Amino acid sequence: MAIDKLLSPLRLGTLTLPNRVVMAPLTRSRAAQPGDVPTALNAEYYAQRAGAGLIVTEAAQISRQGQGYALTPGIYSGAQIDGWRRVTDAVHRQGGHIALQLWHVGRISHASLQPGGGQPVAPSAIRANMQTFIIQADGTPAHPPCDEPRALRGEELPGIVADYAQGARNAIAAGFDLVEIHAANGYLLHQFLATATNRRDDAYGGSLENRARLVLEVVDAVVAAVGAERVGIRLSPWMPYNDIEDAEAGPMALYLAEQLGRRGLAYLHLHEAEWMGVPGYPEGFREAVRARFPGAIVVCGGYTAARAEALLQTGLADAVAFGRPYIANPDLVQRFAQGAPLAEADQATFYGGGTEGYTDYPAWAG
Ligand code: PHB
């Protein structure tokens, strides 16, 4: 099967990607402690995968408050910036491009991860029926339920917007080519967008425009900090992950596509939920997004090379991100190009640990 389009270059922001295969963001929970600092091992892992047209890193919390799981890396301290610098240097030495994903988990958290052991925060005080991941005081891991969050006060929101902007500046200081605002998968920004999690009665809740307000304020602040050509955003309309539900997922996605398009963002990354058992996009949805958003459109969610190529050929997407295939296939682009078989990743080593199941998956030997 020919996959010419998937292997062809793409202009994205000011970058020219050598191919349209994106490494999707993947939580791997291997940041050094204390301080949630990226390591030389993380640099090796990403450098092994630098053949991707673009790497999007695992989500990185913009503040302590934005953390929802133990061992995820941050992008708010000097040590974290220094750690990420090793990652970006290693990827750039291999000729790759890399974006950092800016993350605030909102209600998907636990008091033991929060500053001062306080309650996690959310648009409204509605608990997520999900588990999180912590390291207990005795050093053993545990998966407690997410804590009930408290509703953010209106006067707290500018501080969160400022944390995103500072995270973006920190990412550029650490050598990243781009930042990706994580507004998907049931985390804080998605919690504001979605009808079931946002019950606010102020300017950030109620109407669709009000529910989108925080996301657009974050976008504007990040664009002001680093320039629209260096900003992407991830959305996941209809995604149920993290106990999220949005009765207006379609209209919200199209409203955002238009607003983001006007702001000249480099790319829009859509995480599709079909692989989670949700119906595919409704008829005409991709065309409607394309009509509203002039930047690059990246899609993700259970794609094979063949399905990726078929979608790219329609012109309704510009690149396709691969998540789990990248865990066990560091040379995924080469394997696609050669029609080589793909290795299966071992679930037991997805999160935490060291080199095993992380940097020890070999390239295809032919
Ligand atoms: C996770 O760690 O489970 C996770 C993180 C970010 C996502 C999705 C899942 O967007």
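1. R307 is placed over the face of Y303, 4.3 Å from the ring centre. The criterion for a charge over a ring is that NZ of Lys or CZ of Arg lies within 6 Å of the ring centre and within 35 degrees of the ring normal.

2. On the basis of these remarks: the model is predicted, and local features need pLDDT of at least 70, side-chain atom pairs count only at pLDDT 80 or more, and totals for chains, interfaces and linings use all residues. Residues are numbered from 1 along each chain as its sequence is written, and side-chain values use heavy atoms, with hydrogens and water left out.

3. Strand β10 covers residues 178-182, and five of its five residues are buried, so this strand is largely enclosed by the rest of the structure. Buried denotes under 20% relative accessible area, exposed over 50%, and partly exposed in between, with a 1.4 Å probe and protein chains only. Helices (H or I, at least four residues) and strands (E, at least two) are DSSP runs, numbered from the N terminus. Both faces of β10 are covered, with L178, E180 and H182 buried on one side and V179 and I181 buried on the other.

4. Strand β5 (residues 98-103) runs parallel to β10 and is joined to it by four bridges; two strands count as paired if DSSP finds at least two bridges between them. β10 also pairs with strand β11 (residues 231-235), in the parallel sense and over four bridges. I181 of β10 stands opposite L102, and I181 also stands opposite I233 in β11.

5. The model contains 11 aromatic pairs, where rings of Phe, Tyr and Trp (its six-membered ring) pair if their centres lie within 6.5 Å, and planes under 30 degrees apart count as stacked, over 60 as edge-to-face and the rest as tilted. One of them is the stacked pair of Y45 and Y358, at 4.1 Å centre to centre and 15° between the planes. This pair links distant parts of the chain, 313 residues apart: Y45 belongs to helix α1 (residues 40-48), and Y358 to the segment after α10 (332-338). Y45 and Y358 are both buried.

6. W84 and F176 form an edge-to-face pair, with 5.5 Å centre to centre and 65° between the planes. W84 lies in helix α2 (residues 78-93) and F176 in the loop between α3 (157-173) and β10, so the pair ties together parts that are 92 residues apart in sequence. W84 counts as buried because its relative accessibility is 1%, and F176 counts as buried at 3%.

7. Y45, Y46 and Y358 form one aromatic cluster.
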